[in-house]
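This briefing goes through a few local features of one protein model. Please keep the sequence and the structure in view while reading.

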Amino acid sequence: MKESLVKKTLQENPSILNGSGPLQRTGTKLKTIIILVAVSSSLTMLLYLGVQIYKVSSDTSENVGPKSAFLPLWLSFDWPWERKFSFPKYLAYFDSEYYAYVDSVSNFTEELRSQKVEFSVLDELFKSKVVRDTFGIPLSLRTEKSDSFDIWIECKHPTVHGPTIRISKEHGKLRLSWKWTVHPLSWWGSIDRALTASGLKLDRLDNTEAMKKTHEKSSGRVHEVNTSKDGKLKRVLCSGDKEYSVLFKGSFHLSNSSTIRTGRVSYQGMIDFDHIGINRCARLTSVGLTVHENASDVSYKVV
């Protein structure tokens with residue numbers, strides 16, 4: 001029965017044997033669909049851009065705009081691997097105000113590691129009874145060539161990438177400029193705001209401005225940053241409600257001035273935007289200690 005079915009199939013579709021049968025036609029159709037979608041999307045974006053340019057150019061005013069047109073080229077998900085963005089370069093795309101704050105601090109990354117992170121690591125080590133019993137006090141951290149410090153950005157949502165075209169008219173002349181843009185797609189945030197606006201959530205009432213200002217000042221969220229050409233200080237609000245996280249990891253060498261025992265401390269953490277001016281902005285999420293004892297490495301979990 002099976003042999004006769006195979007023979008019948010081969011007789012009806014002999015092209016399967018030379019690779020030009022229905023399977024190949026299915027692949028060809030898929031490629032055609034992908035090409036058609038890409039072409040139609042490109043034409044749609046070009047049409048949209050053309051309409052925006054026409055609106056500005058046909059305006060009778062001498063000065064118009066500027067107007068912006070975003071052209072999404074691709075969508076990026078955190079799958080099958082987690083996307084990491086370079087710090088602080090990509091802050092300019094996600095958070096221009098915090099990027100200005102980071103840029104205003106000389107050697108921000110080195111200061112974060114050598115002062116804020118080191119202070120937090122020492123504080124956690126000192127709290128550990130195992131570490132105090134093993135090394136005694138005072139504890140000392142140092143950086144060796146084998147130690148590292150990595151810091152990066154992780155977006156909490158999928159991102160869409162593409163150029164933003166800036167269209168304007170100055171003194172009757174049409175001007176076009178562009179910059180690369182990365183937009184987080186905060187779908188859940190949009191759904192949450194929609195539910196709140198429709199009254200389906202109990203927290204639909206916002207805090208008053210007075211309450212907000214009081215909380216911002218007491219939590220250390222507000223910083224003054226010199227971002228303008230005239231040298232005036234600009235107040236920057238560093239809120240924890242961001243669409244990205246700044247994470248870091250690294251290591252130190254631990255020792256005690258009165259003993260020859262040493263250990264290697266590994267840590268991971270993140271920037272705490274809610275209390276950036278109080279706890280030195282570095283919040284540790286894990287701290288581990290490895291000590292070489294009796295010809296073997298012994299690991300301790302501190303945090």
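**Salt bridges and backbone features**

The side chains of E124 and K127 form a salt bridge, with 3.9 Å from N to O. A salt bridge here is a side-chain nitrogen of Lys or Arg within 4 Å of a carboxyl oxygen of Asp or Glu. By this rule the count comes to 8 salt bridges. This is a predicted model, in which local features need pLDDT of at least 70 and side-chain atom pairs count only at pLDDT 80 or more, while totals for chains, interfaces and linings use all residues. Residues are numbered from 1 along each chain as its sequence is written, and side-chain values use heavy atoms, with hydrogens and water left out.

**Pairs in helix α5**

- E124 and K127 are 3 residues apart in helix α5, so about one helical turn separates them. Helices (H or I, at least four residues) and strands (E, at least two) are DSSP runs, numbered from the N terminus.
- K127 also meets D123 in a salt bridge, at 3.4 Å from N to O. These two are 4 residues apart in helix α5 (residues 108-127), again about one helical turn.
- K127 is exposed, at 53% relative accessible area, whereas D123 is partly exposed at 33% and E124 is partly exposed at 23%. Buried means under 20% relative accessible area, exposed over 50%, and partly exposed in between (1.4 Å probe, protein chains only).

**A further pair, and a network**

- E170 and R175 form a salt bridge of 3.2 Å, N to O. E170 is partly exposed at 35%, and R175 is partly exposed at 41%.
- Shared partners join the salt bridges of D123, E124 and K127 into one network.

**Cis peptide bonds**

- The bond between F87 and P88 is cis, with omega about 5°. P88 sits in the loop between β3 (85-86) and α3 (91-94).
- I137 and P138 are also joined by a cis peptide bond, with omega near 5°. P138 belongs to the loop between α6 (129-135) and β4 (139-142).

**Positive phi outside glycine**

- N107 is not a glycine, yet its phi is positive, about 55°. N107 lies in the loop between α4 (96-104) and α5, and it is exposed at 56% relative accessibility.
- H171, a residue other than glycine, has a positive phi near 55°. H171 lies in the loop between β6 (159-170) and β7 (173-184), and it is exposed at 65%.
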